[in-house]
Amino acid sequence: MADGLLAGGGLGSEAMARDHERTGWAAEEEPAPLVKGLFEDEDSCSDCSNHDKPGTSLQSFVPEGKTHFPEMFQTSHLLFYERFRAYQDYILADCKASEVKEFTAEFLEKVLEPSGWRAVWHTNVFKVLVEITDVDFTALKAVVRLADPYLCESQVSTFTLECMKELLDLKEHQLPLQELWVVFDDSGVFDQTALAIEHIRFFYQNIWRSWDEEEEDEYDYFVRCVEPRLRLHYDILEDRVPSGLIVDYQNLLTQCEESYRKFLNLRSSLSNCNSDSEQENISMVEGLKLYSEIEQLKQKLKLIENPLLRYVFGYQKNSNIQAKGIRPSGQKVTHVVSSTMTTGLLQSLVRDKLCPEPCKEEIEIQFHSDPLSAINACYEGDTVIVCPGRYVVHGTFSVADSIELEGYGLPDDIVIEKRGKGDTFVDCTGVDIKISSIKFVQHDAVEGILIIHRGKTTLENCVLQCETTGVTVRTSAEFLMKNSDLYGAKGAGIEIYPGSKCTLSDNGIHHCKEGILIKDFLDEHYDIPKITMVNNVIHNNEGYGVVLVKPTIFSDLQENAQDETEENKTFKVQTSGEADVAERVDLEELIECATGKMELYVRADLSEQVEGNCEIVNELVAASTQKGQLKKKRLSELGITQADDNLMSQEMFVSIVGNQFKWNGKGSFGTFLF
């Protein structure tokens, strides 16, 4: 790879920002359309010039600074689909990573004017006007000379004309194309030159990674790397990715680049070492460690780059909310939220909530006009009563203490609506939080409507109108949801993480992408979640009613395990519509024997309901069995032979019974293999 092509190869903090912020040459015009000759000729790209069409279709902007540079082509506002089509159809097509430079050079030969145009050579230190005399397509470089008159703007005052001439001589007057910004020309002759260089610049700043050439080439590079990275870039620009995840991605990218640089240096030093030297043996070990570290970092990057995996695995946000504890005075306060207070409403509150019985002691009451200020004023043990009304909030409900948040009336009469972009609506970390009789409405969200990081949160008689994900139950958290309605999630209605406890009773979960998503818990560091699902109606979801995430390798291991042990034959469940209810009941009895603690009941008059519950139970039990076998194998490798064969030694699934699955797009239950 030619020198300079990898400059800015990672998606750093500047690349995460808007393209014009990356350069500092901002122009506020709307995104310019692509030149038809370059991107809309479906048959060939050989006739890509626009010479027969007088006038340019691109916009221009004037660079900021003290030096009066000529106007430049404005090309940094291209839309996602415009870049997508350019890379897919014209530049990269189905090339491999090792062929990227070759395909790019072929593309440039067809569309780039070889000479006769001017550009600004833009680096982090200076900007200087140059003239292009030739293009080395193979090296992706332009042959240049200083323009007349000489125009230069530098952050270093000592950077003179002589210094610039000397620098160009050292570079043999060849500059990377992505460092050139084409000077505006209204004739239309250089439109495609400007656009082509923009695509090359964007690719090497935001898409290309220095290790891509060493990746295996069995897959199409565009599908494997370009498309997911391009989508991530635009998802970030459009505020679709949590801010914390963006920071994580930037850090991972920096770590991977540093480790890869060390790996290359180490590999280079090994080639110069004596093959029998002790130093080489030490370096080999270090190299293997670095290689393993790089592979792990690359896998983490791919999880974030892939939109589906990013959603499935989620962002493990660490909540830093600190609990206040008990109020210094020791007094518990009741907070009343109402936009307006009438005498009738106050009398009703006193009768029903504040003093339902003769008060033995005085109760302190604080009044608030919005629920967010009431939550922020709470200490341990406080109660917030929200009166009927529609409340619009712009912040996050961060609940770190054990409090009660209840609506005074029906949920549809007490609506809390979140507007403005933000990561979370309700963030719970308290030991015991109770929320009841409130409707939550989410807009312009990046993360879910309710996240339980730790502690126990009870949601009763509530309505959740979601925007992205619904409820997320993190590892070690406990969630109890009763008599509530959840809908509208573009992801899963409820996400259940390993090691959590989730009880769902008499709820409706509908019109989401997936109803309930159970995260992968096969990793040795994860505990099995405890799941209770009783009498829920899960319907009209785009995908499955319930989805279990697990690695692809699990399926192979499960098949092998079934061949090795007779016990696992119990888990071969027949759930087709042809199987009668009696057969299902017999099979469920076998599962109960295998698990020891499984409480499963079937109502024979609801065949669809029985099938859904049965299918979920069997898949989860099979996954738990596999986890136990993997644990037993690890113990055996350590010389520990008394491994626990009891599937319920980790108290797995408490109860899955009476749930109804109707009109889900892909069925009641499915698995996502990764």
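**Aromatic pairs and helix packing**

The count of aromatic pairs comes to 15, where rings of Phe, Tyr and Trp (its six-membered ring) pair if their centres lie within 6.5 Å, and planes under 30 degrees apart count as stacked, over 60 as edge-to-face and the rest as tilted. The model is predicted: local features need pLDDT of at least 70 and side-chain atom pairs count only at pLDDT 80 or more, whereas totals for chains, interfaces and linings use all residues. Residues are numbered from 1 along each chain as its sequence is written, and side-chain values use heavy atoms, with hydrogens and water left out.

Helices (H or I, at least four residues) and strands (E, at least two) are DSSP runs, numbered from the N terminus. Helix H4 (residues 80-91) packs with helix H8 (residues 221-237) at an angle of about 165°, their axes lying 11 Å apart; axes are lines fitted to C-alpha atoms, for helices over the stretch in contact, and angles run from 0 to 180 degrees between N-to-C directions. H4 and H8 are therefore roughly antiparallel to each other (angles under 35 degrees count as roughly parallel, over 145 as roughly antiparallel, 65 to 115 as roughly perpendicular and the rest as oblique). The crossing of H4 past H8 is right-handed, the near helix being turned clockwise from the far one by less than a right angle, and anticlockwise for a left-handed crossing. In H4, Phe80, Arg83, Phe84, Tyr87 and Gln88 meet Phe222, Val226, Glu227, Leu230, Arg231 and Tyr234 in H8, contact meaning heavy atoms within 4.5 Å. The residues of this contact divide into 7 nonpolar, 1 polar and 3 charged (Ala, Val, Leu, Ile, Met, Phe, Trp, Tyr, Cys and Pro count as nonpolar, Asp, Glu, Lys and Arg as charged, and the others, Gly among them, as polar).

A further helix pair is H5 (residues 100-111) with H7 (residues 191-207), packed at about 165° with axes 10 Å apart. H5 and H7 are therefore roughly antiparallel to each other, and H5 passes H7 in a left-handed crossing. Val100, Thr104, Phe107, Leu108 and Val111 in H5 meet residues of H7 including Ala196, Ile200 and Phe203. The contact of H5 with H7 comprises 8 nonpolar, 3 polar and no charged residues.
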